[in-house]
Amino acid sequence: MKTVLVGVTGCVAIYKTCEIIRGFQKAGLRAKVVMTESATHFINPTLFRALTREPVAVGLFDDRPGDPIHHISLSKEADLFLIAPCTANVIAKLANGIADDLLTTTALATTAPIVIAPAMNVNMYQNVATQQNMATLRERGVAFVDADSGYLACGDMGKGRLADPEVIVKAVLDMLAVKRDLVGKRVLITAGPTVEPIDAVRFISNPSSGKTGFALAEAARDRGAHVTLVTGPVALEDPEGVETLRVKTACEMFEAVDARFDESDIAVFTAAVSDFRPAEPASRKLKKGTDDESLKTIALVENPDILATMASRKRTGQVVVGFAAETDDVEANARKKLESKKADYIVANYVGDGKAFGTEENEVMLVSSDSSEKLPLMAKGDMAQALLDRIN
Ligand code: C5P
């Protein structure tokens, strides 16, 4: 999840910052607020704390246990630093490298992109000093969301009104390359391993961590989709804003998917489902010495193939994506799987040599009926975005 550090300065337009923060949250971004002392005369930090569910930073010398150099930790946390509303005073300080409070010190320390949305009286805005300061900052790569013209709080008419929250949010999302192309879509994802009991304490499973499926769920959520994640047992927490269903066995996973597949627009099956399960799991622990025959030979029955079953009843417009873990002949095997399962895409994982299972990175090939594309080794979150770019 990307973090937008929202700098808030002392200006009447400050109330619009609440809507800006909401906009970031709807787009799956984390917002964290740093205020100038003057800003706290307009709005109490409690409001921003409640909205963001994050501590709000104000004083440069506030005592923060475990974080003595707060401006540096804040500056590093930010993927982007937005200052909205930004007063003429703060613009002037930034243009001159002045760092005399927490907000301006953080701005000087950060290497993240800075976006400024100015708001002030028309004469202050048009003052050559302000215009020159803004030009200086632009030259240094600071981005501006220009103030609007219109009726100003002081009663004057002219340029200086804070841009619309929607415009500011969009500018930030564009800069962070956050896509919102799945708004209104339902995405169903399976993840993790399945666990098939042999007896009360033993089971058949595999080392799938669920990271790929969870990364896809978060990426689809961030792009605006309603996401349902059906996952086998994994050590990951439910992603915020994702309907997460926890199952154990392949049969339970099948049932959960079966009930939700028809309403989905995109279904991605990343789960490492056990192909077989013990035919007659014992309800008690099988004992060495007493139950040796049952332990030495475990009769297995085949599990339902969730992907193949769902893909066979796919409606027009629905997109079904399967995964395949391959150690060799990756493309040929993926193509075979594409045909046998009737999927629209197969994402073939290169496994073996410690690759894919449980790792943070993935190297995959995306195969469809008329294309194949090898994606470079990348973090699972980036891979999720790259796959959604292509699938959608
Ligand atoms: O046949 P194989 O297990 O290699 O196929 C892998 C793909 O099929 C994955 O997308 C996996 O989630 C899916 N699958 C499934 N149900 C099964 C077995 C595999 O959905 N029983």
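Predicted model: local features only at pLDDT ≥ 70, side-chain atom pairs only at ≥ 80, totals over all residues.
Local features require pLDDT of at least 70 and side-chain atom pairs count only at pLDDT 80 or more, while totals for chains, interfaces and linings use all residues. Residues are numbered from 1 along each chain as its sequence is written, and side-chain values use heavy atoms, with hydrogens and water left out.

Helices (H or I, at least four residues) and strands (E, at least two) are DSSP runs, numbered from the N terminus. A polar backbone atom of Phe269 is 2.5 Å from an oxygen atom of the ligand, and a polar side-chain atom of Lys341 is 2.8 Å from an oxygen atom of the ligand. A nitrogen atom of the ligand lies 2.8 Å from a backbone N or O atom of Pro304. The ligand taken alone exposes 450 Å², of which the protein buries 85%; accessible areas come from the Shrake-Rupley method with a 1.4 Å probe, and for residues only the protein chains shown count as cover.

The model contains 26 salt bridges, each defined as a side-chain nitrogen of Lys or Arg within 4 Å of a carboxyl oxygen of Asp or Glu. In one of them, the closest N and O atoms of Glu77 and Lys32 are 3.2 Å apart. Glu77 lies in helix H4 (residues 70-77) and Lys32 in strand E2 (residues 30-35), so this pair ties together parts that are 45 residues apart in sequence. Lys32 is buried, at 8% relative accessible area, whereas Glu77 is partly exposed, at 27% (buried means under 20%, exposed over 50%, partly exposed in between; 1.4 Å probe, protein chains only). Arg221 and Asp222 form another salt bridge, with closest N and O atoms 2.9 Å apart, and both residues are buried.

On the surface, Val12, Tyr15 and Phe42 form a nonpolar patch with about 320 Å² of accessible area together. Patch residues have over 30% relative accessible area and no salt bridge, with like charges joined within 9 Å and nonpolar side chains (Val, Leu, Ile, Met, Phe, Trp, Tyr) within 5 Å. Tyr15, in the loop between strand E1 (3-8) and helix H1 (16-26), is exposed at 53% relative accessibility.

How values were computed. Polar contact = N/O pair within 3.5 Å; in protein donor to acceptor, adjacent residues only side chain to side chain.
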